[in-house]
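Dear colleague,

Please find below the structure that I am handing over to you. My notes on what was found in it follow directly after.

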Amino acid sequence: NIKNEIAKVPKNTLIELTNACNHACIFCYNPIMKRKTSNLDFKTYEDYIHSCYKEGVEEVGLYSTGEPFMTKNLDQYIQLAKNKGIKRLYISTNGSLATLDKVKRCIEAGLDSIKFSINAGTKETYKTIHGYDDFEKVIKNIKEIYNYKVANKINLDLMSSFVYTDLTYPDIDLF
């Protein structure tokens, strides 16, 4: 029997704008990936977003193995998706490049949610896990974005995540 049913299109999709990343997290495949570092062409992205909207996709996440803030003009990618009718647009970031200025441009473009992957509760374990000493920079960025969000009554989901390892298990309560 040949099955005549076609699976419904998912309501959510992830798009990797770049596979470049400025961190080297010990649990991530990115630092040892053999794929050439590249960026998604804007026209290809536009065509894909158009198809997604036509097929009923409602949510788009702009992240995968790369750091979204390494994409030039990230706000333009967000704005295009929102202008095409995508209901919810979100990103996940290590946060080191997510300065208030950059995030404000993304919010103005229509960003609905930003999640910071912190993965440690102390500066020391952060450096070990992420491969870079950006803990204080990330915390500063989060605080500035939070204060901006509250002061301007912005409807933005601001979240964080923590992938714990044996090394960082004691940090869970600090996180």
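Cys-52 is buried, with a relative accessible area of 4%; buried means under 20% relative accessible area, exposed means over 50%, and partly exposed lies in between, as calculated with a 1.4 Å probe on protein chains only. Cys-106 is also buried, at 2%. The sulfur of Cys-52 has its closest cysteine sulfur in Cys-106, 19 Å away, which is too far for a bond. The structure holds zero disulfides, a disulfide being a pair of cysteine sulfur atoms within 2.5 Å.

Please keep in mind that this is a predicted model, in which local features need pLDDT of at least 70 and side-chain atom pairs count only at pLDDT 80 or more, whereas totals for chains, interfaces and linings use all residues. Residues are numbered from 1 along each chain as its sequence is written, and side-chain values use heavy atoms, with hydrogens and water left out.

I turn next to the strands. Helices (H or I, at least four residues) and strands (E, at least two) are DSSP runs, numbered from the N terminus. Strand β3 covers residues 88-93, and five of its six residues are buried, so β3 is largely enclosed by the rest of the structure. Two strands are said to pair if DSSP finds at least two bridges between them. Strand β2 (residues 59-61) pairs with β3 in the parallel sense over three bridges, and the bridge partner of Glu-59 in β3 is Arg-88. β3 also pairs with β4 in the parallel sense, over four bridges; here Tyr-90 stands opposite Ser-113 in β4. In a regular strand, the side chains alternate between the two faces of the sheet.

How are these strands connected? β2, α2 and β3 make a right-handed β-α-β unit, and β3, α3 and β4 make a right-handed β-α-β unit as well. A crossover is right-handed if, with the strands pointing away from the viewer, the path from the first strand over the helix to the second runs clockwise.

The remaining topic is the salt bridges. A salt bridge is a side-chain nitrogen of Lys or Arg within 4 Å of a carboxyl oxygen of Asp or Glu, and by this rule the count comes to 10.

- Asp-47 and Lys-43 form a salt bridge at 2.8 Å, N to O. The two residues are four apart in helix α1 (residues 42-55), and are therefore separated by about one helical turn. Asp-47 is partly exposed at 37% relative accessibility, and Lys-43 is partly exposed at 47%.
- Asp-112 and Lys-82 form a salt bridge whose closest N and O atoms are 2.7 Å apart. Asp-112 lies in the loop between α3 (100-109) and β4 (113-117), while Lys-82 lies in helix α2 (residues 74-84), so this pair ties together parts that are 30 residues apart in sequence. Lys-82 is partly exposed, at 21% relative accessibility.
- Glu-136 and Lys-123 form a salt bridge whose closest N and O atoms are 3.6 Å apart. Because Glu-136 lies in helix α5 (residues 135-151) and Lys-123 in helix α4 (residues 123-130), the pair ties together parts that are 13 residues apart in sequence. Glu-136 is exposed at 54% relative accessibility, whereas Lys-123 is partly exposed at 30%.

With kind regards
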